[in-house]
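These are my notebook entries on one structure. I record in order what I looked up.

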Amino acid sequence: MKQRLAVLGSTGSIGEQTLDIVRENPDRFEAVVLTAHRNWRRLAEQARAFDAATVVIADPSLYEPLRDALADTDTKVFAGEEAVAQVAAAGDTQVVVNALVGYAGLAPTVAAIEAGKKLALANKESLVVAGAYVMPLARERRAPILPIDSEHSAIFQCLAGERSPLRRLIITCSGGSLRDLKREELASVTVEQALRHPQWAMGAKITIDSSTLVNKGFEVIEARWLFDVEADRIAVVQHPQSIVHSMVEFEDGAIKAQLGTPDMRMPISYALLFPERAVRPSEHFSFLDHPQLTFAEVDRVKYPALDIAYDCLRRGGTAACTMNGANEEAVAAFLARRCAWTDIVRAIEYALERADFAAAPSLTDYAAANDESRRLAAEYLHL
């Protein structure tokens with residue numbers, strides 16, 4: 001029996017690669033619900049290619065062109081962010097792939113879990129912002145969450161079948177697009193430089209987050225919630241080759257690592273097919289092509305965002321939500337060439353110093369913290 005998928009963010013990098021997996025496994029998957037933020041043309045193409053039952057465009061202003069583009073099909077067309085959450089919870093799918101970017105992914109994550117759906121999660125912000133809310137809800141609803149992030153998929157794979165307690169998680173870090181620049185060169189970094197990741201082909205937002213190591217800090221927070229491991233037992237090491245995707249150290253000193261080429265189709269397929277693995281004949285890894293794998297300490301002075309994320313994790317409450325909202329605002333400003341690259345982390349620090357704090361937040365509190373953090377970041381950046 002085919003698994004019916006809802007792919008949220010189907011026109012983005014993860015969404016497109018998820019649909020590649022569907023193409024490779026037509027007997028296993030059916031993409032019945034597709035959503036996009038603004039790319040209605042690509043969404044319409046995908047809807048036709050996969051004969052999707054439902055599509056949603058999050059930006060309501062683009063409803064009419066999408067509707068008109070699909071007028072000769074049976075595909076139902078909806079618009080708005082609330083509609084994205086509604087289709088995540090709808091009963092005609094079994095698996096929700098949340099490939100949305102940023103805070104916008106939280107409501108669909110909650111909706112899918114409330115409905116008891118299997119959630120293949122690429123939207124790390126759902127757990128960064130509200131891990132203390134999301135994970136207990138998933139346990140209560142018995143809704144499985146399978147990670148798509150390469151680092152968390154690697155940890156998940158290393159833990160599969162293990163019964164003994166772990167000593168620590170070791171998350172690897174490529175160093176991003178600016179890893180070879182000196183600290184004094186960072187003030188003049190251009191958008192083009194920051195978007196030029198040496199290994200991974202990703203969307204603009206996550207590529208900038210990788211360049212500041214905000215993304216790696218968020219992965220630490222996500223790992224804490226996914227694997228129920230406190231901050232002091234999660235380490236980050238720089239690994240420029242991006243071949244070792246992450247590791248787990250056990251109490252006897254043994255370390256398990258998951259290795260492979262920097263290709264997101266593997267963790268996506270693992271999340272969708274677990275406990276099975278996909279058959280991908282074209283995927284072959286040669287150690288002879290990668291004769292040297294190196295590891296180093298992360299430069300915490302050059303990349304202060306990593307320690308900020310650890311601080312937010314230890315503080316709990318709405319701290320990480322504030323960090324995320326300020327970062328989203330600042331990254332958007334940088335991509336629009338309205339601030340310097342170094343202003344991204346400064347805007348985060350500014351927001352964290354001034355934002356209200358809720359120690360045991362509700363979803364309403366998270367929404368308020370998100371709005372406030374964006375306002376404070378914009379204030380700092382004079383937007």
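**Entry 1: Helix α15**

I began with helix α15, in which Tyr366, Ala369, Asn370, Glu372, Ser373, Leu376, Ala377, Ala378 and Leu381 are buried. I note at the outset that the model is predicted. I then looked up what covers these buried residues of α15, and found that the cover includes α6 (125-141), α13 and α14 (343-354).

I also checked the length of α15. The helix has 19 residues (363-381) and, at 1.5 Å a residue, should span 27 Å; its end C-alpha atoms lie 27 Å apart, so the two values agree. After α15 comes His382, and I recorded its positive phi, near 60 degrees.

**Entry 2: The nonpolar cores**

I turned next to the nonpolar residues. The largest nonpolar core contains 91 residues, and Ile145, Leu169, Met323 and Phe334 have the most contacts inside it. Helix α13 (residues 319-335) contributes the most to this core, giving nine residues. In soluble globular proteins, nonpolar side chains tend to be buried together.

With its neighbours within four places in sequence set aside, Phe334 is in contact with Val189, Thr190, Val191, Ala194, Ile208, Cys339, Ala340, Trp341 and Ile344. I also found a second, separate core of 34 residues, with Leu19, Ala31, Ala271 and Leu272 among them.

**Entry 3: Strands β8 to β11**

Which strands pair with β10? I found that β8 (residues 166-173) pairs with β10 in the antiparallel sense over five bridges, and that β11 (residues 255-259) also pairs with β10 in the antiparallel sense, over five bridges. Val248 has Lys256 as its bridge partner in β11.

The hairpin of β10 and β11 has four residues between the strands, and there Gly253 takes a positive phi near 95 degrees.

I looked up burial as well. Seven of the seven residues of β10 (residues 244-250) are buried, so this strand is largely enclosed by the rest of the structure. In β8, six of the eight residues are buried, so β8 too is largely enclosed by the rest of the structure. I noted a further partner of β8: five bridges join it to β9 (residues 234-238), and these two strands run parallel. Cys173 stands opposite Gln238 in β9.

**Entry 4: His197**

Is His197 buried or exposed? I found a relative accessibility of 12%; the limit for buried is under 20%, so His197 counts as buried. This residue is in the loop between α8 (191-194) and α9 (204-212). The side chains of His197 and Ser174 are joined by a polar contact of 3.2 Å. Leaving aside neighbours within four places in sequence, the residues in contact with His197 are Ser174, Gly176, Ser177, Met202, Thr207 and Ser210.

**Entry 5: The seven-stranded sheet**

Lastly I traced an open sheet of seven strands with parallel pairing, in the order β4-β3-β2-β1-β5-β6-β7. Strands β4 (76-79) and β7 (145-147) are at the edges with a single partner strand each, so one side of each has no neighbour in the sheet. From one strand to the next, the twist averages 20 degrees.

Within the sheet, β1 (residues 3-8) and β5 (residues 95-98) run parallel and are joined by four bridges. Ala6 stands opposite Val96 in β5. Helix α5 (residues 106-114) packs on the sheet, touching β1, β5, β6 (118-121) and β7, and its direction makes about 155 degrees with that of β6.

Methods
Residues numbered from 1 in each chain as written. Predicted model: local features only at pLDDT ≥ 70, side-chain atom pairs only at ≥ 80, totals over all residues. Heavy atoms only, no water. Buried < 20%, exposed > 50% of the residue type's maximum accessible area, 1.4 Å probe, protein only. Pairing = 2+ DSSP bridges. Core = buried A, V, L, I, M, F, W, Y, C linked by side-chain atoms within 4.5 Å. Contact = heavy atoms within 4.5 Å. Expected span 1.5 Å × (residues − 1). Polar contact = N/O pair within 3.5 Å; in protein donor to acceptor, adjacent residues only side chain to side chain. Axes fitted to C-alpha atoms, helices over the stretch in contact; angles between N-to-C directions.
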